[in-house]
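This note sets out numbered points for a colleague who is new to the structure. Please read them beside the sequence and the model.

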Amino acid sequence: MTIAEQQAPAAGASPSRSEAAGRDTSHPLVRFLRVWGTILVILLVAVAFSFASPYFLTVSNINNILFSMFTCALLSMGLTFVVAAGSFDLSIGTIVTTSSIVCALCIPVLGAPAAIIVALLVSMLIGLANGVLVTWFRISGIVGTIGVMFLLEGGNQYLTGGYQVAVGYDEHFFRWLGQGRYGFIAVKSVFLFVFFIIAFIIANRLRIGHYINAVGDNPLAAYYSGIPVYRWVISSFVLSALFCGIAGIFLASTSSSAQPTGGAGYLLEAFAAVFLGATILGKGKPHVLGTLLGVFFLYMVSNGMTQFGVDSSARNIFNGFVLLAAVGTNALLNREELHLRFI
Amino acid sequence: MDARPIIEIRDLRKDFSGVHVLKGIDMSFDRGEIHGLLGENGAGKSTLIKILTCVYTASSGEIRIEGAPFHGHSPKAANDAGVGAVYQDAELAWNMTVAENLLLGSERRWIDRRAMEREARDILSRIGLDIDPAARASALTAAQMQMLTLATLFHRKFKVIILDEPTARLSGRESELLFALIRRFKAEGLTIVYISHRLNEVKLLCDRATILRDGRVVATLARGEIDEAAVTRLMVNRSASDLEITNPGFARPEVALEVKALGTAKLSPTSFRVHRGEILGITGPIGGGMEQIEKALSGLIAYHGEIFAEGRPVRIDSPSDALDIGVALIPEDRRKQALFPNLTMAENVSLPILDRLSRFGMVSTADILASGRRVIERLQVYPAAPGIKMRYFSGGNQQKAVIGKWLSRDQKIYIFSEPTSGVDVGAIRQIYEIMLEMARDGAAIILMSTSFNELLSLSERIMVVHSGRVAVERPRAGFDRDSLLAATLASEVA
């Protein structure tokens, strides 16, 4: 008898959890909700908005949403890699600010293309520092990146003296990035799509994304498989910082200036989007597509409610409720035997 | 095929702060053989394996792999040399698929899931495993997880795979699948080192078996020579058989704990009683069902059947239920499951009685230190410093602290699981004396152990649990080392 033939009757002999595994025995509705629940909520809200306002579902308004979510989307996609690797990056908002300031300061000296490259290099260096701190220096991701965040905030204030850094109106190429549009479609919205494709390929088709996932899933198994764990954790921080750097450049371009605290507000939105995104398609772990949909949801709600003049307090309450409900039901649907981790 | 042994071990010695665990091991593993490794607990099997996989470094001696001297200092070095071990808890990336786990570390530049699943399917079918390459690792059965781990080592071209009690968590049928896989590996020229307490498995599977006793190789038997009588004779250490401690019998008439038809997913209904003052020894192969009793009584797994504490029917659905009815578990892995390494010794032992130490909701540091000092005095904990962090105490003193923690709460029923594993030799005797003293004071004690010395020294009755049920239960006087070993090794199946 081959092993294949013996396998079938061996399964299902015992009711214990590990024995019964292999098949999902839960109710079909539960299974459906686990995969599609969050997307269903997003669609329902979108349908409700489009009934309430004929303007909501127009190309121009969708473009508005994409345009406004650009910065948050880039931060969140970068953060997805760090969370997938099993760490946290709280410096992302400040890296955006630093990148935009470095870029705006360098443009008069080096010209826009070189300034962009310098800003991206600086961002990646910061990511490298984050990664080295949490690996070789053994500092937790939360603490290490908070430290870097404070360092950067101080640096940002020093560089700007607390005032905005303006970008000249003759920088046509640079301003095209964030302000150009063709008909209803903003250049920035197209770039958002391009960066999403790049992030998606990194996460799903290249070894770097694959290893980042493996390391985050079980670092010990990765180590024993001969995978250089530290290298991929550091890579995730560099990727995260690179996406922040790009976001910073577009932020400076959009407003033709760099603000001393321009990116600070995006940090918590990004975390909300990554964890909301983890529930999408029932993956239970961060993934780039989920993150993008998470950001889209947050900005769609904000856009729709602004149209009806709903107060921002109501908007926050709604967003908080959806985040808790999505993550909470997902946690309950994926019941583990014993839950004793509270981070 | 190369006729040289794949691994040669010469005069390998290991001591832990003066205690000699390996006293000169000479042995070899041949290419393409299944080599059994037998020995009582403490004979040095696991130390030997840990040296081979570079978890420990040897104190002296030589290891040659394919003729070349081998000096590894990390598990990764052993892996690179082609030596790997599969422990009972397989290490897999749980959220990734079978294919992704199997090919982890050898992916192509461009990740193509379909191609990976095809490649994985080829590898799996080559070694005769029917696992869906697209399934998530966390959705596999225990047996499939273990076999996937084996397949992973196979795919990485390991030359020597060490299996430590591989059938402990498997059913009879699943074990058969594992044996088929092991034979397939042998046919591919791999060397398997097979550690097990189940003699019939070793008889069935192994080409040779080496028996360790007291840190030395006593014999290497060829396939035909492996039988119960010979193995028992070789495994039992005669010099240690004159026991220094015996239990004179403190059992009182009152029953402290009675279990009627207690069963779990892996334990057939079992009934037994423990009297006050009695020490009931329970032994058997790992995974044979003994740990199911321990887990059920301490509220860690679901069970059916009835439990009576001092005659009252009770349910134990969580560790806090167990605490309330007076059951205290002293687990084997005390560092992880019983102690708080960064709290002080006094804080550790006073944790279960904080409610008694507090006045108006405030806990006094002086009272905590005082309770720490009481435990130190009663159990002779060294160093006698209640304010030192628990992690700085030795294994034996940590064990005393776990006991002390429950003693201060005055629990009625104590479940000891391998109470002397990882305890230095000097402290073992002290722990035995503490346990006997507790029995004399009226505590009911259940001793789960795989050390026969321990069972015979301490128990008044001994129960052997095998294949998910009680195989033998007799008073201590009905056993000697040979019959106890025979009862543990024997298995009714096959």
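1. Terms of exposure. A residue is called buried under 20% relative accessible area, exposed over 50%, and partly exposed in between, with a 1.4 Å probe and protein chains only. At 38% relative accessibility, B:Ser467 therefore counts as partly exposed.

2. Basis of the note. The model is predicted, so local features need pLDDT of at least 70 and side-chain atom pairs count only at pLDDT 80 or more, while totals for chains, interfaces and linings use all residues. Residues are numbered from 1 along each chain as its sequence is written, chains are lettered from A and ligands numbered from 1 in the order in which they are written, and side-chain values use heavy atoms, with hydrogens and water left out.

3. Extent of the interface. Chain B contributes 39 residues to the contact and chain A 36 residues, where contact means heavy atoms within 4.5 Å. Between them the two chains bury about 3400 Å², of which 54% is on carbon and sulfur atoms; buried area is the accessible area (1.4 Å probe) that two parts lose on being put together, summed over both. In chain B, the residues that lose the most area to chain A are B:Ile111, B:Arg173 and B:Leu177, together 17% of what that side buries.

4. Polar links across the interface. The count of salt bridges between chain B and chain A is 0, a salt bridge being a side-chain nitrogen of Lys or Arg within 4 Å of a carboxyl oxygen of Asp or Glu. Across the same interface there are 10 residue pairs in polar contact, both residues at pLDDT 80 or more. A polar contact is a pair of N or O atoms within 3.5 Å; within protein, one must be able to donate a hydrogen and the other to accept it, and residues adjacent in sequence count only if both atoms are side-chain atoms.

5. On the side of chain B that touches chain A, helix 2 (75–80), helix 4 (113–126), helix 5 (142–155) and helix 6 (172–187) of chain B each supply at least two residues. Helix 6 of chain B gives the most, with 6 residues. Helices (H or I, at least four residues) and strands (E, at least two) are DSSP runs, numbered from the N terminus.

6. B:Gln292 lies in helix 9 (residues 290–297) of chain B and, at 12% relative accessibility, counts as buried. Leaving aside neighbours within four places in sequence, B:Gln292 is in contact with B:Thr264, B:Lys266, B:Leu267 and B:Ile301. B:Gln399, in helix 15 (residues 395–407) of chain B, is buried, with a relative accessible area of 0%. Beyond four places in sequence, the contacts of B:Gln399 include B:Ile330, B:Arg334 and B:Glu418.

7. Backbone points to check. Which residues does a cis peptide bond join? The bond lies between B:Tyr382 and B:Pro383, with omega about -5 degrees. B:Pro383 is in the loop between helix 14 (365–379) and helix 15 of chain B. A:Ser256 has a positive phi of about 50 degrees although it is not a glycine. A:Ser256 lies in the loop between helix 12 (229–255) and strand 4 (257–258) of chain A and counts as buried at 10% relative accessibility. B:Ser467 likewise has a positive phi of about 50 degrees without being a glycine, and its place is in the loop between strand 21 (461–466) and strand 22 (469–475) of chain B.
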